[in-house]
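Walk through this protein model with me, one feature at a time. Keep the 3D view open as you read.

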Amino acid sequence: MHEMSYVLMAIEQLETIVLENHLQKLYSVTLDIGESSGVEEDYFRVCWNAATKDTDWKNVTLKIHMMPSIGRCLSCGKEFEIKKNNYTCPLCGKSNQYVPISGKDLEIAEIEGS
(Lines give C-alpha, C1' and ligand atoms only; values in the text may rest on other atoms or scores of the structure.)
Protein backbone atom coordinates (compact mmCIF):
# COMPACT_ATOMS: atom_id res chain seq x y z
CA MET A 1 0.00 0.00 0.00
CA HIS A 2 1.91 3.06 -1.24
CA GLU A 3 -0.64 5.44 0.27
CA MET A 4 1.26 5.33 3.57
CA SER A 5 4.36 6.78 1.92
CA TYR A 6 2.23 9.62 0.52
CA VAL A 7 0.69 10.23 3.94
CA LEU A 8 4.10 10.38 5.60
CA MET A 9 5.37 12.74 2.90
CA ALA A 10 2.32 15.01 3.38
CA ILE A 11 2.80 15.03 7.16
CA GLU A 12 6.45 15.96 6.72
CA GLN A 13 5.49 18.87 4.45
CA LEU A 14 2.75 19.94 6.87
CA GLU A 15 5.19 19.93 9.78
CA THR A 16 7.43 22.30 7.81
CA ILE A 17 4.48 24.60 6.99
CA VAL A 18 3.39 24.64 10.64
CA LEU A 19 6.90 25.56 11.81
CA GLU A 20 7.48 28.19 9.11
CA ASN A 21 4.16 29.86 9.90
CA HIS A 22 4.52 29.61 13.69
CA LEU A 23 1.23 27.77 14.07
CA GLN A 24 0.36 26.29 17.46
CA LYS A 25 -2.51 24.11 16.32
CA LEU A 26 -3.61 22.55 13.05
CA TYR A 27 -7.37 22.11 12.60
CA SER A 28 -7.78 20.83 9.06
CA VAL A 29 -5.86 19.89 5.95
CA THR A 30 -7.30 19.90 2.44
CA LEU A 31 -5.55 17.83 -0.20
CA ASP A 32 -6.09 17.84 -3.95
CA ILE A 33 -5.46 14.33 -5.28
CA GLY A 34 -5.47 13.63 -9.00
CA GLU A 35 -7.55 10.68 -10.12
CA SER A 36 -4.55 9.41 -12.12
CA SER A 37 -2.12 9.72 -9.21
CA GLY A 38 -2.61 6.09 -8.23
CA VAL A 39 -3.78 7.15 -4.76
CA GLU A 40 -6.97 5.55 -3.50
CA GLU A 41 -8.91 7.95 -1.28
CA ASP A 42 -10.17 5.28 1.14
CA TYR A 43 -6.71 3.77 1.64
CA PHE A 44 -5.22 7.24 2.07
CA ARG A 45 -7.72 7.98 4.87
CA VAL A 46 -6.95 4.67 6.60
CA CYS A 47 -3.22 5.42 6.43
CA TRP A 48 -3.76 9.02 7.63
CA ASN A 49 -5.71 7.76 10.65
CA ALA A 50 -3.01 5.18 11.44
CA ALA A 51 -0.16 7.68 11.08
CA THR A 52 -1.81 10.35 13.24
CA LYS A 53 -3.51 8.06 15.80
CA ASP A 54 -1.27 8.67 18.80
CA THR A 55 -0.01 12.12 17.82
CA ASP A 56 -0.97 15.76 18.30
CA TRP A 57 -2.51 15.53 14.83
CA LYS A 58 -5.09 12.86 15.68
CA ASN A 59 -7.95 15.40 15.64
CA VAL A 60 -6.90 17.20 12.47
CA THR A 61 -9.71 17.00 9.92
CA LEU A 62 -8.58 15.57 6.60
CA LYS A 63 -10.45 16.89 3.56
CA ILE A 64 -9.76 15.35 0.16
CA HIS A 65 -10.76 16.72 -3.21
CA MET A 66 -10.31 14.20 -6.00
CA MET A 67 -9.26 16.13 -9.09
CA PRO A 68 -10.13 14.90 -12.59
CA SER A 69 -7.40 13.91 -15.02
CA ILE A 70 -7.27 16.27 -17.97
CA GLY A 71 -5.68 15.36 -21.27
CA ARG A 72 -4.99 17.17 -24.54
CA CYS A 73 -5.92 15.30 -27.70
CA LEU A 74 -2.90 14.79 -29.96
CA SER A 75 -5.14 14.87 -33.01
CA CYS A 76 -7.32 17.97 -32.55
CA GLY A 77 -5.85 19.68 -29.45
CA LYS A 78 -9.05 19.61 -27.37
CA GLU A 79 -8.63 19.35 -23.61
CA PHE A 80 -10.96 16.85 -21.96
CA GLU A 81 -11.54 14.81 -18.80
CA ILE A 82 -9.82 11.53 -19.55
CA LYS A 83 -11.75 9.02 -17.44
CA LYS A 84 -15.10 10.78 -17.77
CA ASN A 85 -14.78 10.47 -21.56
CA ASN A 86 -13.55 6.86 -21.46
CA TYR A 87 -10.07 7.86 -22.68
CA THR A 88 -11.58 9.18 -25.93
CA CYS A 89 -11.58 12.75 -27.20
CA PRO A 90 -15.20 13.97 -27.21
CA LEU A 91 -14.50 16.26 -30.17
CA CYS A 92 -12.78 14.06 -32.75
CA GLY A 93 -13.41 10.58 -31.29
CA LYS A 94 -9.76 9.50 -31.19
CA SER A 95 -9.09 7.11 -28.32
CA ASN A 96 -5.89 6.82 -26.31
CA GLN A 97 -4.24 9.56 -28.34
CA TYR A 98 -3.74 12.25 -25.73
CA VAL A 99 -1.15 13.79 -23.46
CA PRO A 100 -2.09 14.01 -19.78
CA ILE A 101 -1.78 17.60 -18.57
CA SER A 102 -3.19 17.33 -15.03
CA GLY A 103 -4.58 14.87 -12.52
CA LYS A 104 -1.43 13.03 -11.46
CA ASP A 105 -0.54 15.20 -8.47
CA LEU A 106 -1.11 15.11 -4.76
CA GLU A 107 -0.95 18.63 -3.35
CA ILE A 108 -1.68 20.37 -0.08
CA ALA A 109 -4.35 22.81 -1.16
CA GLU A 110 -5.24 24.42 2.16
CA ILE A 111 -4.59 24.22 5.86
CA GLU A 112 -6.50 25.72 8.75
CA GLY A 113 -4.61 26.47 11.92
CA SER A 114 -3.77 29.05 14.53
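**A sheet and its side chains**

Three strands form an open sheet in the order β4-β3-β5, with antiparallel pairing. β4 (79–81) and β5 (98–102) stand at the edges, and each has a single partner strand, so one side of each is left without a neighbour in the sheet. Neighbouring strands here are turned by 40° against each other on average, direction ignored. For such angles, axes are lines fitted to C-alpha atoms, for helices over the stretch in contact, and angles run from 0 to 180 degrees between N-to-C directions.

This is a predicted model: local features need pLDDT of at least 70, side-chain atom pairs count only at pLDDT 80 or more, and totals for chains, interfaces and linings use all residues. Residues are numbered from 1 along each chain as its sequence is written, and side-chain values use heavy atoms, with hydrogens and water left out.

Helices (H or I, at least four residues) and strands (E, at least two) are DSSP runs, numbered from the N terminus. Two strands pair if DSSP finds at least two bridges between them. Strand β3 (residues 70–73) pairs with β4 in the antiparallel sense over three bridges. Look at G71: its bridge partner in β4 is F80.

Now stay with F80. Is it buried or exposed? F80 is buried, with a relative accessible area of 4%. Buried means under 20% relative accessible area, exposed over 50%, and partly exposed in between (1.4 Å probe, protein chains only).

Next come the charges. Side chains of opposite charge can pair when their charged atoms come close. A salt bridge is a side-chain nitrogen of Lys or Arg within 4 Å of a carboxyl oxygen of Asp or Glu. How many salt bridges does this rule give? The count comes to two.

One joins E79 and R72, at 2.8 Å from N to O. E79 is partly exposed, with a relative accessible area of 42%. R72 is also partly exposed, at 36%.

The other joins R45 and E41, whose closest N and O atoms are 3.1 Å apart. Both residues lie in helix α2 (residues 41–52), four residues apart, about one turn of the helix. R45 is partly exposed at 28% relative accessibility, and E41 is partly exposed at 25%.

Turn to the surface. L74, V99 and I101 make a nonpolar patch of about 250 Å². L74 lies in the loop between β3 and β4. At 59% relative accessibility, L74 counts as exposed.

Finally, find the loop between β4 and β5, where N86 lies. N86 has a positive phi of about 55° although it is not a glycine. At 58% relative accessibility, N86 is exposed. Y87 is in the loop between β4 and β5 too. Y87 has a positive phi of about 60°, and it is not a glycine either. Y87 is partly exposed, with a relative accessible area of 31%.

Key. Patches are made of residues with over 30% relative accessible area and no salt bridge: like charges are joined within 9 Å, nonpolar side chains (Val, Leu, Ile, Met, Phe, Trp, Tyr) within 5 Å. Accessible areas come from the Shrake-Rupley method with a 1.4 Å probe; for residues, only the protein chains shown count as cover.
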